[in-house]
Structure formats: C-alpha cells, structure tokens
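Please look at the sequence and the three-dimensional model shown below before reading on.

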Amino acid sequence: MTEARDTQNGESPDVEVVQESPSSEKHVILARQVFPDQLPVVPLDERPLFPRMTVPMLIDRPPLKEMLLSLARSSSRTKLVGLVLKREADRESGDPAGRAGLHSVGVIAEILRLAQASEEGGVQVLLAALDRFRIRDVTRRQPTLLARVEYLYETEMTDNPELKAYSISVIQSIKELIQLNPLHKEELSLFMQHSSLNDPGRLADIAAALTTADGAELQEVLETLSIRARLKKVLYLLKKEIDISKLQVKISKQIEEKLSQQQRRFFLREQLKAIKKELGLEKEGKEAEIERFEKRVADLDMPEEAAARVNEELDKLRLIEPASPEFTVTRNYLDWLTSLPWGVMTTDNYDLRRATRILNSDHYGLDDIKDRILEFLSVGALKGSISGSILCFVGPPGVGKTSLGRSIARAIGRNFYRFSVGGIRDEAEIKGHRRTYIGALPGKFLQAVKTAGSANPVIMLDEIDKVGASYHGDPASALLEVLDPEQNRDFLDHYLDVRFDLSNVFFICTANQLDTIPWALLDRMEVIKLAGYIMQEKLQIARRHLVPRQLREHGVDRKRILLTSAALREIIEGYAREPGVRGLENHIKKVVRKTVKQLVEAGDPAPERVRIEPADIADLLGKRVFSDEPFLKKARPGVVMGLAWTRLGGDVMYVEAARVDTGKAGFKQTGQLGKVMVESSEIAYTYVRSFLDRDPAVRKFFLDNFIHLHVPAGATPKDGPSAGVTMACALYSLARGVPVRRRVAMTGELTLAGRIMPVGGIKEKTIAAKRAKVRELVFPAENRKDFEELPERVRKGLVPHYVDTFADVVAHCFRRRVRSETGSAG
C-alpha cells in the first residue's frame, strides 16, 4: 500500500508518511491514519455503515466478542475492524466475499470505546467509520473472518458545478424530509455545522443514512464510487422517503381530525349536561340511575336479604365516580338484582275443560299423555298449586314434546320460556359466573325468570339427556339443586349471590332417551313417554295442522292447492315412516314449494285449483324412500321379521339364517351385534338344536352344516334383550325348511329352558309393526297387559298371539302345525 504500512505498530502518531493517491499526487498523512492490508471483519445483519459516521453496536456472538476484546487489549494505538453487510441467502456471487456470505464493499472503522457488562453478556462498542474498502481475498474464515482488502478513495470534485447542483437538490430534499419527519433533525444540524457543499461525497453518505431504505439499496449506494452516480441514487431514495413521509403525515392528520371530532363532541355533551342541570331539565346520570333503581325496588316484594343487598349496593354506587370501572360493575349488578320478578306471580287456571280443549286443538292423538297431564292439573286444582312439579317428556324427535309444554303453559295461564341444555359443559351456565370475572352474567335459570317476567313461569329444558361435562364442571350435578323442590326454594346463583325462590316454577324437561340422564337427576322427575304416531294419526295431524300451516307460511290460499288424503298417505308410507312428524312436515313443505313454483311459472292470474294426487308425489319428491320389503311378498325359510326398540322409536328388522354344507357343525353371527344379542343368538342356536334333537334328519342337518345368522343392516350397531325368539324362529325355519307365515312379526327373549321372557317398548314396537303393515304379532304372555292398554286405533287391525314357551311360538308362526317337538329343553 505505502511506505508506512507497518506504522500501525510504530512509535509515534506524529510520524509523517508520504502516500500517493490514484492521481499521482502526494499527500502528507499521519501514521495513525495509515490502514493495514488485512482486517478482521465484523458482519452486519440489516444495514451497511457509511464513512465518517459514529455508531454504537452490541456484539453478542462469542467469536466476534473474543476478537474485539483481544483487539482492545492489544498494544496497537489504533484498533481497526472492517464492517461488511451480509449478502442475502438467495443471492450468490463468485467473488471471495460472496463465497463467505458477504458483500464485497464495506467500511473500515476505528474502535473508540469498548465495554463489557458481564462475561455472559454482549460487548458494547462505539465505532467510527473511516473509509470504504473492497475485499480482495478471505485469508481466514474461522473463528472470525480475516480479509485482505484494498481501500477506495474519492477524487476531489469541489469545483464541479453539476455536483454542486446535485448537492443543493439533496440538501433541499433533506430539509423537506425533516419538515415531514423531524427524526433526524439534530443529526442533520450537526452535519451542516461541520460540512458544506464542497464535500458532496459525505453529503451523499449522510443523506442515504437518513432514509429508511432496505440494506440492499443502501449497499448499492455504498458500492457506488462515482460521486455523481451516488448523488443520483441518494436523490431517488430521498424522493421515495418524502412520498412515504407525506402519506404517513396524511394518515396521522386523518386520525387526529377524527380524535378532535370525538373530543369536540365530548366537550359539547358535557356542556349540555351542565346547562340542563342548571335549568333543572335533567338530573346527573348517576342520580338518575339511583332513582331508577329505587323506583324498581318500591314496586317489588323483595325478601329481606335481597332488599338489604340492594340498599348496600346503592350506598356503594353513590360513592363511586361514573368514570370508574367499578361503577359499571355495580350498576349492572343492581340492574339484574332489581329486574328479577321478586314476588310477581301469575294466577293459575285449573279449568280442566279449557285445558282439554287447548290440548285437543294443539295435538291430535296422544290420548294417554293428555290424560296424564289432566290428572296432573287435577291434583294442582285440588291442592291449590303445582309448585315443585317436574315433568320429563321422553320420546323420539318430532312427536310434540316441546309443543306439549307450550300447550300446558297456555292451559294454566302461565308465562312460558324454553331453552336447550344440550351440549352445555360449563356449570356456570346453570349457576352463573362470579362477579369477579369480566362479562359475568347470572345463570340460564335466572335469565329465564327475568325474561318470563314472573316468578312462577313454565320453564322447558330441552335435550336434558345431552348435557355434557368438562373441566369447567358438571352441569348435570348443578341441575340437581335447581330441579329439587326441597332445595330450589333457596337457589343461590353465583352472580346474584342472593337466594331466589324457584319452587314456584313449573319445570318440564324433554329427552330422546333415559339412559344418558344421571339417575339422581331422573329420580327428581316424573317421566311421561311419548312413543310416536301411527299412520292414521299422522294423516290427521297433516290434515289439521301441517298442511294449513305450510300453505299459510308459503302465502297460498287453501282453495288454490288441495293435497288429497291419498297423497298424504303416499307421503307418510313412502317418505316419512319415522315416529314423529317433523320429516312429514318437511316433505309437505317441499310439495307445497314445488307446486307454488308451478303456479308462478304458469302466470295465470286466476289459475284453477291444483289437486295433488298420489301419482304426482313421485314427480315432486322423487323416488320412494321406503317400500314394502321383498320378504313380505314371498316368504322364505330362515328369514323372520322381528320388532326392535331404538332411540328414535320402534322399528322392524329381519333376521336371516343360511347354511353352508361343510361336513361339520359351526355357527357365526354378523350384523354388528352387541354382546347381549350375541348371547341371545348362541342361546337360540343351542336351544333349537336341543328342541329338534329327536329328529334324526334335523340332527344330521346341524352336524353337517355351518350356520350363518345375519341381522341387516350391517352398518348399524344393534344390541338389546328382545331378539332371542326371532333368532330361534329363523334357525328353526332354516332347519325345517318351512317359512314363517306372512305378515307375522315377533319380539321376546328366550331362555335355555325354552321360556319366553317379557320385553319393553311394546307400544313403540306395535306402532312400527302397524307402519310395516304387519297383521299378526307374537308377544310374550307377560306383555298382554301392555298391549291391551294401547289405544284402540293402535291395536286395530292387529292380531296378537301371547306365548309362554317356544313351542307356542312354533304353533303360531308356521303354516303347518309341527308335531310334538318337545326335546330335552321343551
């Protein structure tokens, strides 16, 4: 480089060295200003540093920290390092610096001050950038970079008028930028004091550092040695920065204007309040709130505990400023406390004739359920109240559980409120949140009482069999207090924290099944089961309620569309065989909607009356969903119709038995059977073999054939203790080669001794058999009373056979009477 290359390790900083510049001119410089050929390199992450700038840095990477500390402890008078920006990972370069992950141009900097807070912490270092350099080669990569460099000097162009013009433009742009964003005002003032237009290179570097441009753009300025080109690039960066600052100022001005408008409105509102207060036109907000609460309390018959709490909270409210958050909490609490209907009761109406008329007008059929409800109201009329009563309607969807509750409330003249507890997993939904939580509210029951407006409403809890539990608590356990007549007179909500009497509330619950209701909760309720509707009942419900309602909701005059009874019967039998009527109503809705579309498309202002016949149903609803089973048309050995109970009501199912000649005995079951049904099938197989053991041909049949028993459909899980008779009949029919008589269905459980055990769900199974057009039913003898208690319209057209033993079943089910087959178990 120069004659004084080694003077960094020399004696005196005042030794003069002659150095030749690229213009072959000679300059006299101090030895401390002579730079070495090799420099330790400190990589920069985000922005490069420009010459003649002083910046503090925090170095926390251990290799760099050790290098700086070692350099600070050295005997050299000047401690120099190279500062180079890292190259972006997706950009590669073939030069030595690029292979090291760095840009090729950086600045040499002198360490002015270095301090280390602790051994584990980073190093605070103050660096003064001096000049540019270019990396020629990387001589060491580990533990820190050491590079051979060449220094880049600027030529003096002070008398160039073009550069002077560029410099003036840069200064004007900087002044405009500082007016928009005074962030660098102090730094620019310091620069203007120590520089002039005669130093355009420094001006360009300082101007570039003032911008918020990214590292790549600043590195491009750093690598530009031509002062003219550098000023052009800096001027472009300044113009872009000015545009960004103008946009920022515009956004800030808009926000300030909006805030000013809000402040202005606030001051005007406060002045208006003061004026109204002086004129006596309006009271202060807090006083008005207190007066409103006091007026509410005067109209309520509150118990002593609640009245004392209200007075206590009112005194507290008087001492709190309206701007305090506690004011809102206390006001909301008082609002809830004084909004509840303390002592507000509606008068009950126990007129049984009126109740009968309302129940009959709202519901067709369900005579046994209506009788139970009227008995319940009769007790209330004699007793004078029905407080502490809890009913639970259990049945499949769409049978009218919710509407029955609404009819009961209308019959006795009480307010009605319904909410669903299905899926509730938080105990606070029942007993409320504590007031310490933000957004706390009372539980569902006090909300219901407040909405109903009386302390003795009818509250319906839908889907009580679907209450869940989680880490928030068990809502079913919380319901025990609410639904217990001995406890709910002192019901304590967590939010209200004052006891409220729920004993006057008439609770009605609904469920699809009883299995998932906790026994302790079920013990507090009187269960009334709704089995479902037969075809005749559905027909009457559709004619009286569903069709008129759908015509009304679709804006159609009843004289415009006539849905005949035969068409309704086709819909019921072919598309809506479920126990309830919700599916039936949906199909009627679809028929009406499609017919209305045809009327609108016809465009006739006075069209003729549209009459919908059974032949039109397929065009309106598509292919039939339900059809007569093929086995009903042609009986086959080994196939028997059974009756089953499901959560959605009764249903018919077929049991199929087939044999495979394998030369040895065997037995298997399929159809996703549960443990109980598997055991029933094994009992049936064992008993039938024993029952027919005296017949050599049948004995040989079981010894030489593998028997397969299947219960369709295979995708539906099945279990229950009422399929033993059906399975035994299927095996008997297969072994004898004799089909069961047509239109016969059966239910019952079989023991190894051949006795027929009673089963449940007789009503649901009977309704299912009637839907499937069964003519004869085989029931256990002990279920005779259950069948005879059914309404006449349900029993009509059905012939029951009551059996005690399997021999009785054989006598009733097969075409020819079998001779006395009373094997060892008979």
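What follows is a short report on strands, salt bridges, nonpolar cores and aromatic rings.

## About the model

This is a predicted model, in which local features need a pLDDT of at least 70 and side-chain atom pairs count only at pLDDT 80 or more, while totals for chains, interfaces and linings use all residues. Residues are numbered from 1 along each chain as its sequence is written, and side-chain values use heavy atoms, with hydrogens and water left out.

## The parallel sheet

An open sheet is formed by five strands in the order β10-β11-β14-β9-β15, and their pairing is parallel. Helices (H or I, at least four residues) and strands (E, at least two residues) are DSSP runs numbered from the N terminus, and two strands pair if DSSP finds at least two bridges between them. The edges are taken by β10 (416–420) and β15 (526–529), each of which has a single partner strand, so one side of each is left without a neighbour in the sheet. On average, and with direction ignored, neighbouring strands of this sheet are turned by 20° against each other; axes are lines fitted to C-alpha atoms, for helices over the stretch in contact, and angles run from 0 to 180 degrees between N-to-C directions.

Within this sheet, strand β9 (residues 390–394) pairs with strand β14 (residues 506–511) in the parallel sense over five bridges, and Val394 stands opposite Ala511 in β14. Helix α12 (residues 367–383) packs on the sheet and touches β9, β14 and β15, with a direction that makes about 155° with that of β15; contact here means heavy atoms within 4.5 Å.

## Antiparallel strands around β7

Strand β7 (residues 123–140) is joined to strand β4 (residues 54–59) by six bridges, and the two run antiparallel, with Ile59 standing opposite Val123 in β7. Strand β6 (residues 105–116) also runs antiparallel to β7, to which it is joined by eleven bridges, and there the bridge partner of Ala115 is Gln124.

A further antiparallel pairing, over seven bridges, brings together β7 and strand β8 (residues 145–152). Val138 stands opposite Ala147 in β8, and a hairpin joins β7 to β8 through four residues.

## Salt bridges

The whole structure holds 36 salt bridges, a salt bridge being a side-chain nitrogen of Lys or Arg within 4 Å of a carboxyl oxygen of Asp or Glu. In one of them the side chains of Arg549 and Glu585 meet at 2.9 Å, N to O. Arg549 lies in helix α18 (residues 535–553) and Glu585 in helix α20 (residues 582–602), so the pair ties together parts that are 36 residues apart in sequence. Arg549 counts as partly exposed at 30% relative accessibility, whereas Glu585 counts as buried at 16%; buried means under 20% relative accessible area, exposed over 50%, and partly exposed in between (1.4 Å probe, protein chains only).

Glu613 and Arg611 also meet in a salt bridge, at 2.4 Å from N to O. Here Glu613 is partly exposed, with a relative accessible area of 28%, and Arg611 is exposed, with 51%.

## Nonpolar cores

The largest nonpolar core has 53 residues, and those with the most contacts inside it are Phe393, Phe506 and Ile588. A nonpolar core is a set of buried Ala, Val, Leu, Ile, Met, Phe, Trp, Tyr and Cys residues joined through side-chain atoms within 4.5 Å. Helix α18 gives the most to this core, with seven residues. Apart from it lies another core, of 49 residues, among them Ile390, Leu479, Leu496 and Val498.

## Aromatic pairs

There are 19 aromatic pairs, where rings of Phe, Tyr and Trp (its six-membered ring) pair if their centres lie within 6.5 Å, and where planes under 30 degrees apart count as stacked, over 60 as edge-to-face and the rest as tilted. Tyr333 and Tyr495 form an edge-to-face pair, 5.9 Å centre to centre and with 65° between the planes. This pair links distant parts of the chain, with Tyr333 in helix α10 (residues 325–339) and Tyr495 in the loop between β12 (491–492) and β13 (499–500), 162 residues apart. Both Tyr333 and Tyr495 are buried.

The rings of Tyr685 and Phe702 have their centres 5.8 Å apart and their planes at 80°, so this pair is edge-to-face. Tyr685 counts as buried at 10% relative accessibility, and Phe702 counts as buried at 2%.
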